[in-house]
Structures are given as C-alpha cells and as structure tokens.
Amino acid sequence: MTNDKKYCAMPFKWATFLQSGEQIICNPTWNNHPKLSGDTVKEKFNSPEIKEIRESILDDSYSLCSDTCPYLQTYREGGSPRVFVDKEMLVEVDYPTHIELCEDNVCNLACPTCRHDFILESTQQKNSFENVKKFSDKIQYLGTTTSGDPLYSKETFNFVKNISKEKFSQLHTIRMHTNGLLLMQKWEDMKHVAEDFNLDLNISVDAANAETYKVVRRGGNFDLLLRNLEFINTKSLFSLTIWFCVHDLNYKEMKDCFDLMEKTLSNHTVKYHFFNVEYWSQENDLFLKQKVDIDTHPLYNDYKKVTQDFLSHVDDAIEQGRFIHNL
C-alpha cells in the first residue's frame with residue numbers, strides 16, 4: 001500500500017478543551033507538546049509553542065509527537081487517517097476551525113482503563129462552551145467528548161442539542177463519541193444533528209461478549225449495547241466509527257468484536273479505531289497489568305501473535321482506509 005505525501009493537520013486546525021480549561025491540540029498521551037502560552041483561544045492558537053509544533057510537522061520529523069499516535073502510525077504504514085491532508089490545506093488562520101470539547105468527565109460507566117469509580121456529577125472547572133460560541137461562525141467541525149459521555153452529561157448534551165445552522169454558520173460535521181447505551185433514549189432530542197449536519201458517530205465497545213463487557217465497561221449492559229447498535233443501524237449517518245481500547249482483559253476479542261460489528265452494523269461502512277491502553281487515571285500497578293503491549297508483560301508474546309493474526313484478518317478494512325490503530 002502506498003500513499004502520497006500528507007501532513008497532520010491537527011496543529012493547524014484543531015483546539016481541544018479539557019475540563020481544567022486548558023487548551024491543547026490533541027490527546028496528550030500521543031505527544032510531548034509544550035504547553036500553549038496566552039490567555040485567549042486566539043492567543044494560544046497563534047502562540048510560539050504551536051508554531052514550533054507546526055514546524056515539526058512540516059519538516060516531517062514529528063519530533064514533538066509519539067510513535068504511539070495511531071494516526072501517525074497508520075499513516076506511516078500507508079493508511080489514510082482523516083487528520084492527514086495535502087500540504088496545500090495547511091493554511092494558518094486566526095482561530096481553530098476544528099473543536100474538541102472534552103471538558104465534562106461525567107459518564108454512566110466506570111471503565112477501569114479510564115477512572116476509579118463512577119463520576120455522575122460534573123467536576124468541570126471552566127465552561128469553554130461560552131468561549132466556543134464567541135467564534136462559532138468560524139467552526140467547521142465540532143467534537144464531543146472523549147472525557148465522559150455526551151449523551152449522559154447534561155451540560156454537553158444541552159449544548160449539542162441546541163446547535164443550529166443559524167448559530168454555527170460554517171459548521172458541517174459534528175463528531176460525537178459515546179458508549180452508545182443512551183442512543184435510543186436520546187435520539188429524538190438529537191436527530192436534528194444527523195439531519196442538519198454530518199453526524200460522525202463514534203462508539204466505544206471494547207468487548208465481544210457480555211462477560212467481558214461487564215468487566216471492562218463497568219456499569220454497562222452488553223444486550224442493551226447491541227439493541228442500541230441495531231437501532232443505529234437503521235439510521236442515516238455521515239460516518240460511524242467503533243473504538244476498541246486494547247488491554248490484558250480483551251485483546252483476544254479484537255477479531256470477534258470486529259466481526260460482530262460488521263454483522264450488526266451491516267447498513268453502514270464502519271470505520272474502526274483500535275488502540276493500546278495508555279496511562280490515564282489508573283493506579284500504576286493496574287496500568288502495568290493492563291499494558292499488555294509492553295515487552296515485559298507476561299502476556300506480551302501472546303498479544304503480539306493475536307495482534308498479527310488480527311491485522312491480517314482486517315487487511316481489507318486497512319486497504320479501504322477504514323482502520324486506524326497503534327497495535
């Protein structure tokens with residue numbers, strides 16, 4: 001597989017807002033970006049630090065990025081991740097055109113890769129929703145949320161369901177990242193998002209059966225997930241991506257999960273994002289137990305064999321540009 005020369009567009013287009021109020025570019029576990037200086041969104045987006053990051057992209061060194069970035073790894077292997085574009089598209093602008101709102105960590109699940117316990121009340125320190133509204137006429141892409149669940153978070157869902165073309169005149173795509181368990185329940189309040197915009201729906205699954213799901217997606221119900229997936233299979237979507245966080249308890253189910261999703265979501269051309277667990281909020285001992293992809297892990301050799309077999313199994317999806325990974 002070959003690809004023409006492309007470059008990561010994240011530092012040129014994206015701004016991600018965390019619950020602390022901090023503004024970053026992308027997932028901090030996949031880079032070693034310096035902290036952006038400045039007081040406003042505009043100042044941070046045009047800061048000396050972000051210019052340094054952009055230079056590391058343009059010179060093709062990616063010196064401030066990590067090899068664990070699934071987009072970078074997929075691109076280097078000849079794939080076409082969505083954030084890699086032609087150089088001509090890397091135009092510097094005053095404000096970010098692509099926004100990720102990751103500021104509310106409220107969720108109806110307590111996955112052990114993400115948190116110690118359920119977070120049912122918001123710990124949001126700064127409301128960036130108001131900041132975003134100040135340059136809403138420049139936003140083309142808006143994503144929510146990888147820190148919690150946008151269907152469960154009152155703040156995030158209220159923001160999403162009130163989005164309109166009048167308020168966001170250039171907005172064309174809304175990316176929603178959810179565990180999917182509330183899709184049927186919330187659809188009536190959010191269906192205009194799929195009708196008025198390109199809805200890029202992302203659903204984290206992480207298992208292929210009920211037994212594993214109840215452990216790795218604590219608080220969830222696998223039968224309910226499948227009913228919601230069958231429901232969404234009947235809906236028209238711009239894009240649908242299944243996420244799978246790989247660790248010691250589920251790495252053997254990657255193939256079965258992929259096959260199950262292909263069958264359950266047969267009306268869609270499903271995309272996939274398989275990635276190894278990172279150090280988020282786990283205790284160190286738990287993280288080391290989960291981190292099956294490091295060569296000191298007792299299951300590492302089996303993980304490598306399972307992964308190689310799995311990547312061969314999904315070779316067609318990789319060729320079609322439907323598969324992103326850092327396995």
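Mentor: One term before we start: contact means heavy atoms within 4.5 Å. Helices (H or I, at least four residues) and strands (E, at least two) are DSSP runs, numbered from the N terminus. This is a predicted model, where local features need pLDDT of at least 70 and side-chain atom pairs count only at pLDDT 80 or more, while totals for chains, interfaces and linings use all residues. Residues are numbered from 1 along each chain as its sequence is written, and side-chain values use heavy atoms, with hydrogens and water left out.

Trainee: Ok. Which residues in α6 meet which in α7?
Mentor: Phe157, Val160 and Lys161 in α6 meet Lys186, Asp189, Met190, His192 and Val193 in α7.

Trainee: And how are two packed helices described?
Mentor: By the angle between their axes and the distance between the axes. Axes are lines fitted to C-alpha atoms, for helices over the stretch in contact, and angles run from 0 to 180 degrees between N-to-C directions. For α6 and α7 the angle is about 45 degrees, and the axes are 9 Å apart.

Trainee: What do you call that arrangement of α6 and α7?
Mentor: The two helices are oblique to each other. Angles under 35 degrees count as roughly parallel, over 145 as roughly antiparallel, 65 to 115 as roughly perpendicular and the rest as oblique.

Trainee: Which residues of α6 are buried?
Mentor: In α6, residues 154-161, they are Thr156, Phe157, Phe159 and Val160. Seen down the helix axis, these residues fall within an arc of 160 degrees, so they line one face of α6. The arc is that of the directions from the helix axis to the C-beta atoms. Buried means under 20% relative accessible area, exposed over 50%, and partly exposed in between, with a 1.4 Å probe and protein chains only.

Trainee: Switching to α10. Which residues are buried there?
Mentor: Met254, Cys257, Phe258, Met261 and Thr264, in a helix that covers residues 254-264. They cover an arc of only 140 degrees around the axis, which puts them on the same side of α10. The buried residues of α10 pack against α9 (222-232), β9 (239-246), β10 (271-276), α12 (300-313) and α13 (315-319).

Trainee: How do α10 and α12 cross?
Mentor: At roughly 25 degrees, with axes that come within 9 Å. That makes α10 roughly parallel to α12. On the α10 side, Met254, Lys255, Phe258 and Asp259 meet Val306, Thr307, Phe310 and His313 of α12.

Trainee: How many residues are in the largest nonpolar core?
Mentor: 67, and those with the most contacts inside it are Phe159, Leu199, Leu201, Ile203, Phe274, Phe310 and Phe323. Apart from it lies another core, of 30 residues, among them Phe12, Leu90, Tyr141 and Ile324. A nonpolar core is a set of buried Ala, Val, Leu, Ile, Met, Phe, Trp, Tyr and Cys residues joined through side-chain atoms within 4.5 Å.

Trainee: What is Leu201 in contact with?
Mentor: Leaving aside neighbours within four places in sequence, Leu201 contacts Met176, Thr178, Leu183, Ile232, Leu237, Ser239, Leu240 and Thr241.

Trainee: How many disulfides are there?
Mentor: A search of the whole structure finds 0. A disulfide is a pair of cysteine sulfur atoms within 2.5 Å.

Trainee: Is Cys69 buried or exposed?
Mentor: Cys69 is buried, with a relative accessible area of 14%. Cys102 is buried as well, at 7% relative accessibility.

Trainee: Where does Asp60 lie?
Mentor: In the loop between α3 and α4. Tyr62 is placed in the loop between α3 and α4 too. Asp60 is partly exposed, with a relative accessible area of 33%, whereas Tyr62 is buried, with 5%.
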